[in-house]
Structure formats: structure tokens, C-alpha cells
Amino acid sequence: MRSCQTKTLLGAAFMLLANAGLSYGDAVILSNLTAAVNGTGTIYNSGPPQWYAQEFLTGSSSELLSSIIVPLGDASGSFTAGAQLVNNNSGLPGSTVLTGFTVPMIPTGSPTDLTFTPMSSVTLAANTDYWFILAAAGSGGDYQWPYTNTLSASFLNYAVSENSGATWTVGAPPGPFLLEATAPSPVPEPSSLVLVTCGFLTFAVVLSRRRRKVRQG
């Protein structure tokens, strides 16, 4: 009976160790963040306001969107940045807003990779075009979004609006803007695995001592 209990406890411990430490990290869906920077576009809210949108094409499988990462910086003046994901409408940003994003603080210094988190759950369909829009509202300010001359199938056109997104025009080269999209992916957390391993080893030591006491008694 004691042997059966021991095997059961050991089995449970091994199962705990095997499944512990699994959390959701980020897996890259598509990215051009490592491409050479050839310039920056200015997103501003005065005379008239100018917004930018970057088109991207998903791969052969659908993915739950975890975040959009873009490098932004050189912020100046007074503005409120906004970000949206919209559908594609005949090669231009569409009117269907799929989600807004929480917008991190944009630095006044050189552009830095910033993470935009969706405000609602969005599953990106396979082989589908989407547009990520960056905007500015307020009394007069701007920030910069770097672009590259490196083209790829995943990053097609960019578009510009000079009337707060009412109408869009496909931008002329250079482009596209730098962008990365990620999806959640279960990955082991080393810290969690260490804690569980320590717990398992402690359990094994205590069990061994108890068995020795039983034999001595």
C-alpha cells in the first residue's frame, strides 16, 4: 500500500514538473524591425493633421493578435497619440475598426520599440491584409515613425491621411514603416521551472527520510 502511495505521489510530482512554468509569451507573426532605417515619417495634428498607416499581410495560418510593436520617438509639442487596427478596403485602410490599442509614452529622444496592446481580442485571419494606423490629436505636436527601403511580401503599401483618417492616399516610396506583430505562444518560464524543481527535490528528500524511519522502526 505504501509503495502504491509513493508511486502515486511521485507520478503527481513528475506531472507537476512537466506542466509547470507554462505561460504565454510572444511569438513573432511578422516583422521588419531589423531592417535598415532610411528615414522617418512625421505624425502631427496641426495644419492639417497627418496620420500614417502601414499595411501588413498575414501568413498561412490565423493568429490571435498579442501586440503590435513599432519604434517611435522624437515627440514634441502637445498631442495625444492614437492607434487602431482596421480592415483593408481595396488597398486602402478601411472604416471597420477591429481594435484600438493602449498607447505607451512616446519618448522625446530617438525612436524606441514600443508595445501596443489590443484593447479587445482580435484573431488575424490567414492570408489577409490589415492596416495599423497611428494618429495624433490635440493642440499641436508630433512624433516620428521610422521607415525602411527594404520591401517584403509581408509589408506592402503604407498610406497617409491629411484629414484625420477621413480619406487615405497610398504613399510613394520610400517605405514601409517598421512594425512587428506578435501572437501568444506557450513557453516555459525558467524561474517557474526552478521553483517547481526545488519543490520536487524537497519532496523526494522528505519521502526518502520517512521511508528510512519506517524501515528502522
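Modeller: Let us start with Phe 132, which is buried, with a relative accessible area of 0%. Buried means under 20% relative accessible area, exposed over 50%, and partly exposed in between, with a 1.4 Å probe and protein chains only. The model is predicted: local features need pLDDT of at least 70, side-chain atom pairs count only at pLDDT 80 or more, and totals for chains, interfaces and linings use all residues. Residues are numbered from 1 along each chain as its sequence is written, and side-chain values use heavy atoms, with hydrogens and water left out.

Biologist: How many aromatic pairs does a search of the whole structure find?

Modeller: The search returns 10 aromatic pairs. A pair of aromatic rings is described by the distance of the centres and the angle of the planes. Rings of Phe, Tyr and Trp (its six-membered ring) pair if their centres lie within 6.5 Å; planes under 30 degrees apart count as stacked, over 60 as edge-to-face and the rest as tilted.

Biologist: Why is the pair of Phe 132 and Trp 145 edge-to-face?

Modeller: Their ring centres are 6.2 Å apart and the planes stand at 90 degrees, so the pair is edge-to-face. Trp 145 is also buried, with a relative accessible area of 0%.

Biologist: Which residues do ring pairs link into a cluster?

Modeller: The cluster joins Tyr 52, Phe 101, Phe 116, Phe 132, Trp 145, Tyr 147, Tyr 158 and Phe 177 through ring pairs.

Biologist: What percentage of the residues of the protein count as buried?

Modeller: Of its 217 residues, 37% count as buried.
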